[in-house]
Amino acid sequence: MNIIEDINFLNEEQKNKANNLFENETTPFYLSNQTVIKNDGGFHFIHHIIHRDRPNELNSNLKDFSVEILNSFCKKNNIKYKNIFRSAINITFNNGAVYKCPVHEDHPFKHKQLLIYLNDSSGDTIILNKKNEPIKVIEPLKFKGVFFESSPHFHYFPIKGIRIVFVTTFN
């Protein structure tokens, strides 16, 4: 299993843009009542950049930026890709109903995944082996990128505040 953690791949301009994503309330987020399974209680806010069900639909003015930061991570860590399947920003919070999302893989087919944490928070990501045993615990630190290949995983909801994660899946 190839897992790469990198906290030093974004340039200053990219960090500034990420810091300003919420300035002037120009990035729309939608409330979802599920993180993985319909009605799983994992309420969170999501901004679809490239929607998994509608990949050709232009849904966000952040598409170029999401590709740019994916390219920065991949170039620095010598990762090649052909297609992007999904790109989104997830904002999770303690909703008082559930404390973690269900174990899942983002797609039913082989893929690669990049998580970029946009703030410091609680709410670790746990990467599992095929037997659902933990192999890596990822602490969400601002601007940390985490790459892994198709693997079961889950995350905890933050104890307080919010957890903001840029998610991209690709092959």
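User: Which residues form one aromatic cluster?
Analyst: Tyr81, Phe147 and Phe170 form one. Keep in mind that this is a predicted model.

User: How many aromatic pairs does the count come to?
Analyst: Nine aromatic pairs. In one of them, phenylalanine 45 and phenylalanine 93, the ring centres are 5.8 Å apart.

User: Why is that pair tilted?
Analyst: The planes of phenylalanine 45 and phenylalanine 93 are at 40°, so the pair is tilted. Stacked would need planes under 30 degrees apart, and edge-to-face would need over 60.

User: Where do the two sit in the chain?
Analyst: In distant parts of it, 48 residues apart. Phenylalanine 45 is in strand β3, residues 44-50, and phenylalanine 93 is in strand β4, residues 84-93.

User: What does phenylalanine 45 count as in terms of accessibility?
Analyst: Phenylalanine 45 has 33% relative accessibility, so it counts as partly exposed. Buried would take under 20%, exposed over 50%.

User: What sits over the ring of phenylalanine 154?
Analyst: The charged end of lysine 100, at 4.3 Å from the ring centre.

User: Switching to helix α2. How many residues does it have, and what does it reach from first C-alpha to last?
Analyst: α2 covers residues 63-76, which is 14 residues. Its reach is 20 Å, close to the 20 Å expected at 1.5 Å a residue.

User: Which residues in α2 are buried?
Analyst: Phe65, Ser66, Ile69, Leu70, Phe73 and Cys74. Those residues cover an arc of only 165° around the axis, so they lie on the same side of α2.

User: What follows the helix?
Analyst: Asparagine 78 follows α2, and its phi is positive, near 55°.

User: Now the open sheet. What is the strand order?
Analyst: β7-β6-β9, three strands with antiparallel pairing. The edge strands are β7 (134-138) and β9 (153-155), each pairing on one side only. From one strand to the next, the twist averages 15°.

User: How many bridges do β6 and β9 pair over?
Analyst: Three, in the antiparallel sense, with β6 being residues 125-128.

User: What stands opposite isoleucine 127?
Analyst: Histidine 153, in β9.

Technical notes
Residues are numbered from 1 along each chain as its sequence is written. This is a predicted model: local features need pLDDT of at least 70, side-chain atom pairs count only at pLDDT 80 or more; totals for chains, interfaces and linings use all residues. Side-chain values use heavy atoms; hydrogens and water are left out. Rings of Phe, Tyr and Trp (its six-membered ring) pair if their centres lie within 6.5 Å; planes under 30 degrees apart count as stacked, over 60 as edge-to-face and the rest as tilted. Helices (H or I, at least four residues) and strands (E, at least two) are DSSP runs, numbered from the N terminus. Buried means under 20% relative accessible area, exposed over 50%, partly exposed in between (1.4 Å probe, protein chains only). A charge sits over a ring if NZ of Lys or CZ of Arg is within 6 Å of the ring centre and within 35 degrees of the ring normal. The expected span of a helix is 1.5 Å times one less than its number of residues. The arc is that of the directions from the helix axis to the C-beta atoms. Two strands pair if DSSP finds at least two bridges between them. Axes are lines fitted to C-alpha atoms, for helices over the stretch in contact, and angles run from 0 to 180 degrees between N-to-C directions.
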